[in-house]
Amino acid sequence: MCLGIPGQIIEITNPEHKLAIVNVGGVKRQINIACIVDEEHPPEKCIGDWVLVHVGFAMNRINEQEAAETLKLLQEIAQTYT
C-alpha cells in the first residue's frame, strides 16, 4: 500500500531540476515536483500548491480542503496507535 501525505509547497529551490520545499505538518522537506509541472503550470507557479507527497515526489495537486481532511484523518490514526 502506498501513502501520499499532504503538504504545501513553500519554496522552489531549483526550478531547472524541479526541486521544491514542502511543509508537511510543520516539517519542511525537499521534494521533486516533476510530476506536477508542465508548460501551463511551471515550477514558479507551484508555490502555495497543496500536493500529495510520496517517497520525495509530489504525485499530484490537491485542494486545501482535501489536504486538511486527509491530515486530520492521519492524526486520528496516529492517536489510535499511541
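**Checking the labels against their cut-offs**

Modeller: Searching the whole structure turns up 1 salt bridge. Keep in mind that this is a predicted model, where local features need pLDDT of at least 70, side-chain atom pairs count only at pLDDT 80 or more, and totals for chains, interfaces and linings use all residues. Residues are numbered from 1 along each chain as its sequence is written, and side-chain values use heavy atoms, with hydrogens and water left out.

Biologist: What makes the contact of Glu76 and Lys72 a salt bridge?

Modeller: The term asks for a side-chain nitrogen of Lys or Arg within 4 Å of a carboxyl oxygen of Asp or Glu. Glu76 and Lys72 come in at 3.9 Å, N to O, so the pair passes the 4 Å cut-off.

Biologist: Why is Lys72 called exposed? And what is Glu76 called?

Modeller: Buried means under 20% relative accessible area, exposed means over 50%, and partly exposed is in between (1.4 Å probe, protein chains only). Lys72 has 51%, so it counts as exposed. Glu76 has 38%, so it is partly exposed.

Biologist: What makes Val55, Phe57 and Met59 a patch?

Modeller: Patch members need over 30% relative accessible area and no salt bridge; nonpolar side chains (Val, Leu, Ile, Met, Phe, Trp, Tyr) are joined within 5 Å, like charges within 9 Å. Together with Phe57, they make a nonpolar surface patch of about 290 Å². Areas come from the Shrake-Rupley method with a 1.4 Å probe; for residues, only the protein chains shown count as cover. Met59 sits in strand β5 (residues 57-62), while Val55 is in the loop between β4 and β5.

Biologist: What is the phi of Val55?

Modeller: Val55 takes a positive phi of about 45° without being a glycine. Most residues other than glycine have a negative phi. Lys18 also has a positive phi, near 60°, and lies in the loop between β1 and β2. With 30% relative accessible area, Lys18 is partly exposed.

Biologist: How do you know that β1 and β2 pair?

Modeller: Two strands pair if DSSP finds at least two bridges between them. β1 and β2 have 5, in the antiparallel sense, with Asn14 opposite Leu19 and Gln8 opposite Asn23. Their hairpin has 4 residues between the strands, Lys18 being the one with positive phi. β2 also pairs antiparallel with strand β3 (residues 27-32), over 6 bridges, and there Ile21 faces Gln30. That hairpin has 2 residues between the strands, and Gly25 takes a positive phi near 60°. On another side of the pairing, 4 bridges join the antiparallel β1 and β4, where Ile5 stands opposite Val53.

Biologist: What makes the 12 residues a nonpolar core?

Modeller: A nonpolar core is a set of buried Ala, Val, Leu, Ile, Met, Phe, Trp, Tyr and Cys residues joined through side-chain atoms within 4.5 Å. The largest one here has 12 residues, including Ile9, Ile12, Val22, Ile33, Cys46 and Val53. β1 (5-14), β2 (19-24) and β4 (50-54) each give two or more residues to this core.

Biologist: Which residues is Ile12 in contact with, leaving aside its neighbours within four places in sequence?

Modeller: Contact means heavy atoms within 4.5 Å. Ile12 touches Leu19, Ala20, Ile33, Pro43, Glu44, Cys46 and Ile47 on that count.

Biologist: What does Gly56 count as, at 30% relative accessibility?

Modeller: Gly56 counts as partly exposed, and it lies in the loop between β4 and β5. From Gly56 to Leu71 is 17 Å, C-alpha to C-alpha, across 15 residues in sequence.
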